[in-house]
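These are my notebook entries on one structure. I record what I looked up, entry by entry.

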Amino acid sequence: MNYSYTKKIDTAYTSIDRSGRLGLVESMDINQDMITEFFGSIGSDNLVLRKQNNASWVYTRTKMQIIQLPFWNTKTIAKSYVSSKSPIRLDVDTLLCDENHHILFKAKTQMCAIDFVKRNLCKISDITFPSDLESETSAVSEQYSKLKTEFNEDDFVLEEKVYASDTDFSRHTNNTRYVKYLMNTFGIDFYDTKTITDFEIQFAKESTAGDVLRIYKKKSDGHQYDFMIKNGEEIVVKAELKYSDNPPVLPDYFGRR
């Protein structure tokens, strides 16, 4: 059976960045919230897994392709569904569209379930999950990137401390906080003169309140930045961001400053 979850979302003022459009961090928030609510709708969110299976869903990677992020007050429609299923992993696609069903961004997220006690991967057939769920065609045709860029201390750009407010239900740093840490490495000029087209993030380890994370950034060939976040000697996150040199254009109702 095909399962999916759809929700109408107004682009709130608190979710836009300097360009007046939905920000990258907030786009990732939508992706995460949609997946969580989708899993809640099929009776397989982390509240259920913790109670019934002593397990939790974790994200391993997300790839997002951005066509045109919506301005403040834009009415949008989001949809999430499973696009790939293996014995231990799922890919979940999230699409954000305008009212005319034009895609604004599309993302796919790879997920697996972890046993709290053994700390190993759970078979999806062994946890609370619809056995009749069938995958649908992914909207993101590209495979996940390898992210093999090597970094050294010359690439260190920023240090971020994890506070309790950065952690979530799992007691670990919320996935989208890492995106915010990465975006904090850019100055005003980047936001005012560039437009993000693609973003991918891969999660290797967990961090928690009190950890001090070191962020590394390297400019690649073309319009791309590569990132790494370390907690001590452990790699926590790797990511890449692609952009165009087309500056964001504010609509007239924002006025000129």
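The entries below cover the sheet, then the helices.

Entry 1. I noted before anything else that this is a predicted model.

Entry 2. I looked up the strand order of the sheet. The sheet is open and has 10 strands, paired antiparallel, in the order β1-β3-β4-β5-β2-β7-β10-β9-β8-β6. At its edges I found β1 (4-10) and β6 (156-161), each of which pairs on one side only.

Entry 3. For K79, I found that the bridge partner in β4 is L95.

Entry 4. I checked the length of helix α1 (residues 24-41). Its 18 residues, at 1.5 Å a residue, should span 26 Å, and its end C-alpha atoms are 26 Å apart, so the two values agree. Which residues of α1 are buried? I listed L24, V25, S27, M28, I30, N31, Q32, M34, I35, F38 and F39. After α1 comes G43, and I recorded a positive phi for G43, near 70°.

Entry 5. Helix α2 (residues 46-53) lies across β2 (55-66) and β5 (103-115), and its direction is at about 155° to β2. Helix α3 (residues 175-183) lies across β2, β6, β7 (195-203), β8 (212-220), β9 (224-231) and β10 (234-244). I noted that α3 runs at about 130° to β7.

Methods
Residues numbered from 1 in each chain as written. Predicted model: local features only at pLDDT ≥ 70, side-chain atom pairs only at ≥ 80, totals over all residues. Heavy atoms only, no water. Helix = DSSP H or I, 4+ residues; strand = E, 2+ residues; numbered from the N terminus. Expected span 1.5 Å × (residues − 1). Buried < 20%, exposed > 50% of the residue type's maximum accessible area, 1.4 Å probe, protein only. Pairing = 2+ DSSP bridges. Contact = heavy atoms within 4.5 Å. Axes fitted to C-alpha atoms, helices over the stretch in contact; angles between N-to-C directions.
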